[in-house]
Amino acid sequence: MMRVVIACLCCAVIGLAYGQQPTVEQRDPAIESRVRALAEELRCLVCQNQTIADSNADLAIDLRNQIRAKIKAGLSDAQIKQYMVDRYGDFVLYRPPVQPNTVLLWLGPFALLVLGLAALFWQLARRRRAAPAIDLSAADHQRADDLLDNSTKNRPDSST
Amino acid sequence: MLKYLAPLAIFIALALFLGRGLNLNPREVPSPLIDKPAPAFELSRLDKPEQKLSVAQLRGQVWLLNVWASWCVSCREEHPVLVEAAQTNAVPIYGLNYKDQRADALNWLRQFGNPYTLSISDPDGKVGIDYGVYGVPETYLIDKQGIIRYKKIGPVTRESWQNTLLPLVKKLQG
């Protein structure tokens with residue numbers, strides 16, 4: 001008997017949970033996916049390293065709602081982005097626009113990489129040039145070996 | 001000689017960039033509304049909700065729009081400065097009560113003083129979005145033609161009032 005009661009309670013709870021779905025308005029999946037796409041292109045100015053899609057700041061929630069309202073009003077993606085830029089400036093775009101004042105930002109890393117590689121290769125080339133292979137005659141080779149052997153044997157602290 | 005100077009030169013260049021970068025505050029996002037007309041609004045007055053105030057009604061005078069809220073902690077920091085500034089009658093200060101409850105806002109003003117000629121309510125923050133508000137408190141300086149000339153992000157300090165806002169107000173008032 002207890003099991004039946006518990007089963008009924010569980011069904012009631014699950015039923016209530018389903019009943020809590022947002023029925024404020026039917027969420028249109030096409031609009032929602034556009035909202036999400038745009039929200040991922042815009043920066044939350046409160047938590048500046050997050051997009052409006054990721055952030056739970058009040059402003060982010062407001063701006064997501066504003067995007068939804070503008071989509072329903074028929075604005076295009078570009079128009080909505082422009083709407084945000086008009087109010088918050090270029091910084092609201094999560095991907096910085098390619099403009100004269102951001103050229104250094106976009107090209108800088110590649111330029112540094114090229115400079116770094118160039119410096120590396122230049123250094124290597126210099127090293128190679130500065131140390132030419134010296135050809136020793138057989139007699140000189142023998143002299144060198146003798147000197148080297150002697151120097152290790154004659155050291156008082158050699159432990160060979 | 002050059003090979004010793006090159007790393008030093010690179011280091012100095014990097015140190016200069018770092019020094020410049022550390023002195024910039026990313027929280028202060030420059031507003032695209034500077035030198036543009038103040039966005040139009042028509043909002044209910046906080047004290048008399050049946051009456052409305054619009055930007056057009058404020059043409060012909062230099063005025064400050066201070067965005068504030070009773071839940072905003074930093075606003076309490078700047079409030080004494082605004083109260084003092086209002087007493088000098090240098091420039092009228094209008095308050096934009098941002099995303100707040102009317103009762104809370106009125107209580108807050110009663111408790112901390114009211115420097116505003118009057119305050120208007122923006123309960124859903126729509127006008128705030130038009131003005132590019134992202135972190136209260138923010139203060140806009142608007143000239144006689146209704147053009148935004150300066151935006152102060154963060155609390156107004158005595159220093160910023162004396163050294164930046166007041167001189168600019170005087171200049172715009174002519």
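This is a predicted model: local features need pLDDT of at least 70, side-chain atom pairs count only at pLDDT 80 or more; totals for chains, interfaces and linings use all residues.

User: What makes B:Phe41 and B:Tyr131 a tilted pair?

Analyst: Two values are needed here: a pair of aromatic rings is described by the distance of the centres and the angle of the planes. For B:Phe41 and B:Tyr131 the centres are 6.1 Å apart, and the limit is 6.5 Å, so the rings pair. Their planes make an angle of 50°. Stacked requires under 30 degrees and edge-to-face over 60, so the label that remains is tilted.

User: Which parts of chain B does that pair tie together?

Analyst: B:Phe41 sits in the loop between helix H1 (2-22) and strand S1 (42-44), while B:Tyr131 belongs to the loop between helix H4 (126-130) and strand S6 (138-142), so the contact links parts 90 residues apart in sequence. Both B:Phe41 and B:Tyr131 are buried.

User: Why is the pair of B:Tyr131 and B:Tyr140 called edge-to-face?

Analyst: The planes of B:Tyr131 and B:Tyr140 stand at 75°, with the ring centres 5.3 Å apart. An angle over 60 counts as edge-to-face, so the name follows. B:Tyr131 and B:Tyr140 are both buried as well.

User: And B:Gly135: why is it called partly exposed?

Analyst: The relative accessible area of B:Gly135 is 28%. Buried would need under 20% and exposed over 50%, so a value in between is called partly exposed. B:Gly135 is found in the loop between H4 and S6 of chain B. Its C-alpha atom is 9.0 Å from that of B:Arg27, a residue 108 positions away along the chain.

User: Turning to chain A, how do you know that A:Arg129 is exposed?

Analyst: A:Arg129 has 59% relative accessibility, and exposed means over 50%, so A:Arg129 qualifies. A:Arg129 lies in helix H5 of chain A.

User: Which residues form the positive surface patch?

Analyst: The patch consists of A:Arg126, A:Arg127, A:Arg128, A:Arg129 and B:Lys3. Helix H5 (residues 103-130) of chain A gives the largest share, 4 residues.

User: How many helices and strands does chain A have?

Analyst: Chain A has 6 helices and 0 strands. Of its 160 residues, 22% are buried.

How values were computed: Residues are numbered from 1 along each chain as its sequence is written. Chains are lettered from A and ligands numbered from 1 in the order in which they are written. Side-chain values use heavy atoms; hydrogens and water are left out. Patches are made of residues with over 30% relative accessible area and no salt bridge: like charges are joined within 9 Å, nonpolar side chains (Val, Leu, Ile, Met, Phe, Trp, Tyr) within 5 Å. Accessible areas come from the Shrake-Rupley method with a 1.4 Å probe; for residues, only the protein chains shown count as cover. A salt bridge is a side-chain nitrogen of Lys or Arg within 4 Å of a carboxyl oxygen of Asp or Glu. Lys and Arg count as positive and Asp and Glu as negative; His and the chain ends are not counted. The place of a charge is taken as NZ of Lys, CZ of Arg, CG of Asp or CD of Glu. Helices (H or I, at least four residues) and strands (E, at least two) are DSSP runs, numbered from the N terminus. Buried means under 20% relative accessible area, exposed over 50%, partly exposed in between (1.4 Å probe, protein chains only). Rings of Phe, Tyr and Trp (its six-membered ring) pair if their centres lie within 6.5 Å; planes under 30 degrees apart count as stacked, over 60 as edge-to-face and the rest as tilted.
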